[in-house]
Amino acid sequence: MLLTEASLNSADEDSKIKKRIFTILVEGLQNVTRHQEIDAEKDTPSQSSIFIIQNQGDKYYITTGNPILKESIPILTRQLDKINSLDADALKVFYKEVLNDNIISNKGGAGLGLIEMARKSGNKLDFDFSDISERYSYFYMGTTVLITDSAKIETSQHSMDAIKAIHKTINEQNITLIFNGIHTQDSLLHIMSIMEEHFCNVDLKIKKNLIYVIIEMLQNTVKHGYKHDGRSTKAVFFISHDNKTYKFNSVNYIENEKVPSVLDNIVKVNAMTDKELNELYDKNLSESINDTRDIKGLGLTEIRLRTHNKIECITSKYDDKLSAIFIQATI
């Protein structure tokens with residue numbers, strides 16, 4: 001929630017729009033909490049819930065997803081079809097009827113959250129199901145928040161099929177977290193908060209290294225990413241892992257003239273021994289104390305010392321002014 005708030009604030013979104021989006025987020029996440037149905041059965045893949053918010057200029061697409069028992073599909077379908085058949089006035093009446101009937105399921109609510117999502121978005125609730133196993137399906141649900149009166153809903157690019165494709169890639173690549181937006185110090189702090197909770201069962205020494213690498217990777221995009229009229233531009237940060245490693249990845253734009261210097265710094269730190277890295281780190285740290293300017297290579301040196309692995313880097317020219325730079329660190 002806080003990460004989304006930071007993103008909306010960086011986009012200077014209208015307070016009324018932000019309030020509507022937050023209401024939908026809360027209801028959507030509560031829906032996931034109430035209705036996610038997984039257990040330790042061998043035939044049930046380990047698929048966690050997802051939450052995606054997309055901004056497309058004059059609209060926001062909000063999607064949640066979670067595993068459910070297939071026996072729950074008919075009930076959910078009836079609820080959603082009923083909600084989608086009602087206009088704004090009828091939804092208001094239906095909400096009061098459900099509330100007054102006081103029909104609460106064993107998981108809380110009674111479809112009130114779904115009704116509220118439809119009311120606040122002013123649009124229908126898109127939904128779909130995808131098989132996981134013989135007993136389980138994955139339940140996707142989303143809606144659209146229009147920012148301007150002239151905005152129109154377009155289903156081609158942001159259809160459920162597109163969301164399902166994104167989710168498939170996330171699962172195949174074992175991605176734990178992905179953030180695509182304007183990177184700021186606020187978003188950095190919120191990502192840190194999310195990942196600290198995720199690392200709660202990780203060995204303390206390893207956890208410390210993981211946290212430091214996240215900080216340096218995100219600081220790199222905040223400090224050195226391309227800025228348009230003094231404002232940060234969008235960047236991507238994502239974390240993937242398997243049983244043996246964590247991979248931290250960032251993608252952002254930089255000016256073409258800075259590419260040779262960045263690549264040269266990475267080649268240099270990759271070629272150094274731990275002793276040489278420690279000496280360079282101490283030297284750069286000392287210089288940073290006596291100089292308020294950012295010291296080049298300090299973050300890269302920290303990443304190398306924490307990971308004990310080489311930093312991977314790929315650049316691709318975007319246009320005559322900018323290049324995209326991909327950096328990966330592995331622990």
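Me: What percentage of the 331 residues of the protein count as buried?
Reply: The model is a predicted one. Buried here means under 20% relative accessible area. By that cut-off, the buried part of the 331 residues comes to 41%.

Me: How many helices and strands make up the secondary structure of the protein?
Reply: Among the helices are H3 at residues 73-84 and H6 at residues 160-172. Strand S2, for one, covers residues 59-69. The complete count is 11 helices and 11 strands.

Me: In the open sheet of four strands, which strands stand at the edges?
Reply: The order across the sheet is S1-S2-S4-S3, with antiparallel pairing. A strand at the edge has a single partner strand, so one side of it is left without a neighbour in the sheet. The edge strands are S1 (50-55) and S3 (126-131).

Me: Over how many bridges do S1 and S2 pair?
Reply: Strands in a sheet are paired through backbone hydrogen bonds, in a parallel or an antiparallel way. S1 and S2 pair in the antiparallel sense. The number of bridges between S1 and S2 is six.

Me: Which helix packs on the sheet and touches S1, S2, S3 and S4?
Reply: Helix H3 packs on the sheet and touches S2, S3 and S4, its direction making about 165 degrees with that of S3. Another helix touches S1, S2, S3 and S4, and its direction makes about 125 degrees with that of S4. That helix is H6.

Me: Is the aromatic pair of Phe 127 and Phe 129 stacked, tilted or edge-to-face?
Reply: The ring centres of Phe 127 and Phe 129 are 6.0 Å apart, and the planes make 70 degrees. Planes over 60 degrees apart count as edge-to-face. Phe 127 and Phe 129 also form one aromatic cluster with Phe 139. The pair of Phe 127 and Phe 129 is therefore edge-to-face.

Me: What is the angle between the planes of Tyr 138 and Tyr 140?
Reply: Tyr 138 is buried at 1% relative accessible area, and Tyr 140 is buried at 4%. Their rings form a tilted pair, 4.9 Å centre to centre. The angle between the planes is 45 degrees.

Me: Which arginine lies over the face of Tyr 212?
Reply: The charged end of Arg 119 sits over the ring of Tyr 95, 5.2 Å from its centre. For Tyr 212, the arginine is at 3.8 Å from the ring centre. This arginine also touches Asn 209, a residue of helix H8. The residue over Tyr 212 is Arg 306.

Me: Is Asn 209 buried or exposed?
Reply: Leaving out residues up to four places away in sequence, Asn 209 touches Arg 306 and Ile 331. Its relative accessibility is 17%. Because the cut-off for buried is under 20%, Asn 209 counts as buried.

Terms used:
Residues numbered from 1 in each chain as written. Predicted model: local features only at pLDDT ≥ 70, side-chain atom pairs only at ≥ 80, totals over all residues. Heavy atoms only, no water. Phe/Tyr/Trp six-rings, centres within 6.5 Å; stacked < 30°, edge-to-face > 60°. Buried < 20%, exposed > 50% of the residue type's maximum accessible area, 1.4 Å probe, protein only. Lys NZ or Arg CZ within 6 Å of the ring centre and 35° of its normal. Pairing = 2+ DSSP bridges. Helix = DSSP H or I, 4+ residues; strand = E, 2+ residues; numbered from the N terminus. Contact = heavy atoms within 4.5 Å. Axes fitted to C-alpha atoms, helices over the stretch in contact; angles between N-to-C directions.
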